[in-house]
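This report describes a single protein chain from its overall form down to selected side-chain contacts. The sequence and the structure are shown first.

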Amino acid sequence: MKIIGIIPARYASSRFPGKPLVDIHGKSMIQRVYEQVKGCASLAEVVVATDDKRIEEHVRTFAGNVVMTSEQHASGTDRCAEVVSKVSGFDIAINIQGDEPFINPLQIELLCSLFDDQQTQIGTLIKQIESQEDLFNENTPKVIISKEQQAMYFSRQTIPFQRGVEKSDWLRTQTYYKHIGIYGYRVDVLKAITQLPVSPLEKTEALEQLRWIENGYRIKVAKTEFDTIAVDHPEDVDLIKKKYF
């Protein structure tokens with residue numbers, strides 16, 4: 001089983017233009033992500049997938065692998081699919097967020113391990129929710145899982161709803177999970193899901209993984225103890241620096 005790690009990186013972010021190149025204590029964010037991902041022993045190759053020449057040139061300055069992709073992609077999943085269509089010989093592709101500069105390599109190892117099961121089509125990570133803030137934050141997608149550790153549904157709302165229980169008690173009476181936004185796919189599945197049209201539930205919740213579930217694909221989950229800190233806005237850079245430096 002040969003696995004490639006792909007880090008999609010766009011320059012034209014609406015909330016934070018040029019985000020991959022922002023300096024974080026002497027290194028760009030994309031370099032920090034790349035170096036963290038290289039610490040995962042299960043990956044045979046790591047590449048940055050970008051549509052911007054500035055990012056391509058920068059990645060080459062630290063001897064990183066980079067693949068230029070189309071400007072038309074709607075998601076990182078689509079960008080990963082283009083990479084595996086250009087770079088052959090891999091069985092599994094891991095889609096790693098390019099805005100989590102201190103992602104723990106053990107998270108990637110855990111995700112890769114899901115594919116030891118030949119039945120796994122798509123894999124992702126979840127983490128138990130421990131705070132009321134996360135529980136009711138609509139920017140934190142929640143997931144319900146089956147006994148077989150398959151994702152049944154993702155939502156920005158708090159699921160499951162507890163009828164007759166005060167919301168302040170929900171964490172005490174039920175286990176909730178949030179989605180950690182890293183995916184793995186069998187290469188043939190990755191190519192197939194990016195050909196599917198946008199689905200009704202995906203459009204409603206603005207969560208692309210619902211398209212896959214609606215079309216009958218199974219998403220295997222693993223529980224991680226590590227949280228991730230993403231840089232979504234310029235002010236998040238200062239928060240990252242305070243935490244790690």
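Which side chain meets that of K86 in a salt bridge? The partner is E82, with an N to O distance of 2.8 Å. A salt bridge here is a side-chain nitrogen of Lys or Arg within 4 Å of a carboxyl oxygen of Asp or Glu.

**Basis of the values**

This is a predicted model, in which local features need pLDDT of at least 70 and side-chain atom pairs count only at pLDDT 80 or more, whereas totals for chains, interfaces and linings use all residues. Residues are numbered from 1 along each chain as its sequence is written, and side-chain values use heavy atoms, with hydrogens and water left out.

**Overall form**

The protein chain has 10 helices and 11 strands. The C-alpha trace spans about 60 × 40 × 30 Å along its principal axes. A compact globule of 245 residues would have a radius of gyration near 18 Å, and the 18 Å of the protein chain agrees with this. The radius is taken over C-alpha atoms, and the globule rule is 2.2 Å times the number of residues to the power 0.38.

Of the 245 residues, 51% count as buried. Buried means under 20% relative accessible area, exposed means over 50%, and partly exposed lies in between (1.4 Å probe, protein chains only). The chain exposes about 12,000 Å², of which carbon and sulfur atoms supply 47%; accessible areas come from the Shrake-Rupley method with a 1.4 Å probe, and for residues only the protein chains shown count as cover. Among contacts with a separation of 6 or more, 68% are between residues 24 or more positions apart, where contact means heavy atoms within 4.5 Å.

**Helix 1 and its cover**

Helix 1 (residues 29-37) is largely enclosed by the rest of the structure, because 7 of its 9 residues are buried. The buried residues are M29, I30, Q31, R32, V33, Y34 and V37. Their cover includes strand 1 (3-9), strand 2 (23-24), strand 3 (27-28), strand 4 (45-50), helix 2 (53-61) and helix 4 (105-113).

**Salt bridges**

The count comes to 11 salt bridges.

| Pair | N to O distance |
|---|---|
| E35 and K27 | 2.9 Å |
| K86 and E82 | 2.8 Å |
| K178 and D134 | 3.0 Å |

K86 and E82 both lie in helix 3 (residues 76-86), 4 residues apart, about one turn of the helix. E82 has a relative accessible area of 16% and is therefore buried.

K178 lies in strand 10 (residues 177-186) and D134 in helix 5 (residues 132-135), so the pair ties together parts that are 44 residues apart in sequence. Both K178 and D134 are buried. Salt bridges that share partners also join K53, E56 and R60 into one network.

E208 lies in the loop between helix 8 (200-205) and helix 9 (209-214). Leaving aside residues up to four places away in sequence, E208 touches S75, T77, Y183 and E202. Its side chain makes polar contacts with the side chains of S75, at 3.4 Å, and T77, at 2.9 Å. A polar contact is a pair of N or O atoms within 3.5 Å; within protein, one must be able to donate a hydrogen and the other to accept it, and residues adjacent in sequence count only if both atoms are side-chain atoms.

T224 is placed in the loop between strand 11 and helix 10. With a relative accessible area of 3%, T224 is buried. The side chain of T224 reaches the backbone nitrogen of F226 at 3.0 Å. Beyond four places in sequence, T224 touches Q107, L110, L125, I126, K127 and I180.

**A nonpolar surface patch**

I229 is found in the loop between strand 11 (219-223) and helix 10 (234-244). At 34% relative accessibility, I229 counts as partly exposed. Together with Y244 and F245, I229 makes a nonpolar surface patch of about 260 Å². Patches are made of residues with over 30% relative accessible area and no salt bridge, with like charges joined within 9 Å and nonpolar side chains (Val, Leu, Ile, Met, Phe, Trp, Tyr) within 5 Å.

How values were computed
Helices (H or I, at least four residues) and strands (E, at least two) are DSSP runs, numbered from the N terminus.
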